[in-house]
Amino acid sequence: MSALTRCLQEEANAIASAADRLSSAQVEAALQLLERCADRKAKLVITGVGKSGIVARKIAATFSSIGLMALFLNPTDALHGDLGVVAPEDVCLLLSNSGETTELLEVLPHLTRRGTGRIAIVGRSDSSLARGSDVVLEAGVDREVCPLNLAPTASTAVAMAIGDALAAVWMERRGISPADFALNHPAGSLGKQLTLTAADLMIPAGKLHPLDTTTPLPEVIGGLTRDGIGSGWVQQPDQPGALAGLITDGDLRRALQLNRADHWISLTAADLMTADPITVQGDVLVVKALEQMEHNRRKPISVLPVVDANKQLLGLLRLHDLIQAGLA
């Protein structure tokens, strides 16, 4: 066993031991406070000093990302004015391995006077911080992974694991869906899948030059080259703006192969286009549009026309743009 593996196993064992020691009644009380906080649209304020402060920041970021308004409060700053962000309806999560952190103990009575709910994640259930809190989640460890038993390692891993577990169970109880999660992650891959529509990523029709069904081959080639996207759209003769067909580079090559060279000059857009192409409406999520491009009744396609209910072209959605957005 490598030294690294041994250290990882020691931290895993510390988390498992802490899980066994947790009081189910205290865990339930903590979750009820968090649910009350969400029901009242209040904040979860998380505080700690040193390495516990770093863990507190991470837990705050996790809860914020899943829909419970959370923030990190530096306890020193709290004593010099920042305590004003804490309201009576809020819940405060306090992290300290010793449970005797001076800055937290100085903040504690002010939280108590405000009636703010207090959850302590502490290494000692008989500590001063534990005694001053409404709920105590014991996060003690027998020793740190640090060979000197000094640097916070196993203790911070346990505290963070408890914070993560609280967040995960809170998500289950609140029924947080992938769509809810995506609201706070609009730039992530999941967020894009659940929020971006075909209209968001398409090339608008206003930037494309329509072809008529009678447009001759040389002008079709010029049109495909001019727009620079490897395809062109053909409009209905009697309905300007309505989609009649789509011409891609592949359509052009196939038409040239199927016709003798001396007939090329007589080919028009109507001869080259794919009539009645697969289309999608603008409000369809791009992930669904991608499925249509990759799995359809014909073959995988790289360009998908976006139309409205009247088959008026809104734009063209390209596989290239989906790849650039990190969705394909």
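Two strands pair if DSSP finds at least two bridges between them. Keep that in mind for the sheet described below.

A word on the model before we start: this is a predicted model, in which local features need pLDDT of at least 70 and side-chain atom pairs count only at pLDDT 80 or more, while totals for chains, interfaces and linings use all residues. Residues are numbered from 1 along each chain as its sequence is written, and side-chain values use heavy atoms, with hydrogens and water left out.

1. Let's begin with the strands, which, like the helices, are DSSP runs numbered from the N terminus (strands are E, at least two residues; helices are H or I, at least four). Five of them form an open sheet in the order β2-β1-β3-β4-β5, with parallel pairing. At its edges sit β2 (70-72) and β5 (135-138), each of which pairs on one side only. From one strand to the next, the twist averages 20°.

2. **Two pairings to look up.** Strand β1 (residues 44-48) is joined to β2 in the parallel sense over three bridges, and I46 has F72 in β2 as its bridge partner. For β3 and β4, the parallel pairing runs over six bridges.

3. **How covered is β4?** Is this strand mostly covered or mostly open? It is mostly covered, with six of its six residues buried; buried means under 20% relative accessible area, exposed over 50%, and partly exposed in between (1.4 Å probe, protein chains only). The cover reaches both faces: G117, I119 and I121 are buried on one side, and R118, A120 and V122 on the other.

4. **A helix across the sheet.** Helix α5 (residues 102-114) lies across β1, β3 (91-96) and β4 (117-122), and runs at about 160° to β3. Axes here are lines fitted to C-alpha atoms, for helices over the stretch in contact, and angles run from 0 to 180 degrees between N-to-C directions.

5. Helix α1 (residues 3-21) and helix α7 (residues 154-174) pack at an angle of about 50°, with axes 9 Å apart. That makes α1 oblique to α7, because angles under 35 degrees count as roughly parallel, over 145 as roughly antiparallel, 65 to 115 as roughly perpendicular and the rest as oblique. In the contact (heavy atoms within 4.5 Å), E11, A14, I15 and A18 of α1 meet A154, A157, V158 and A161 of α7. By class, this contact has seven nonpolar, no polar and one charged residues. Here Ala, Val, Leu, Ile, Met, Phe, Trp, Tyr, Cys and Pro count as nonpolar, Asp, Glu, Lys and Arg as charged, and the others, Gly among them, as polar.

6. **L313 and its surroundings.** L313 is found in strand β12 (residues 313-318). L313 counts as buried because its relative accessibility is 8%. Leaving aside neighbours within four places in sequence, the contacts of L313 are A205, W233, G241, L243, P305, V306 and V307.

7. **Two residues with positive phi.** Most residues other than glycine have a negative phi. N149, in the loop between β5 and α7, has a positive phi near 60°. With a relative accessible area of 33%, N149 is partly exposed. D276 has a positive phi too, near 50°, and is found in the loop between β9 (274-275) and β10 (280-281). Is D276 buried or exposed? D276 counts as exposed because its relative accessibility is 52%.
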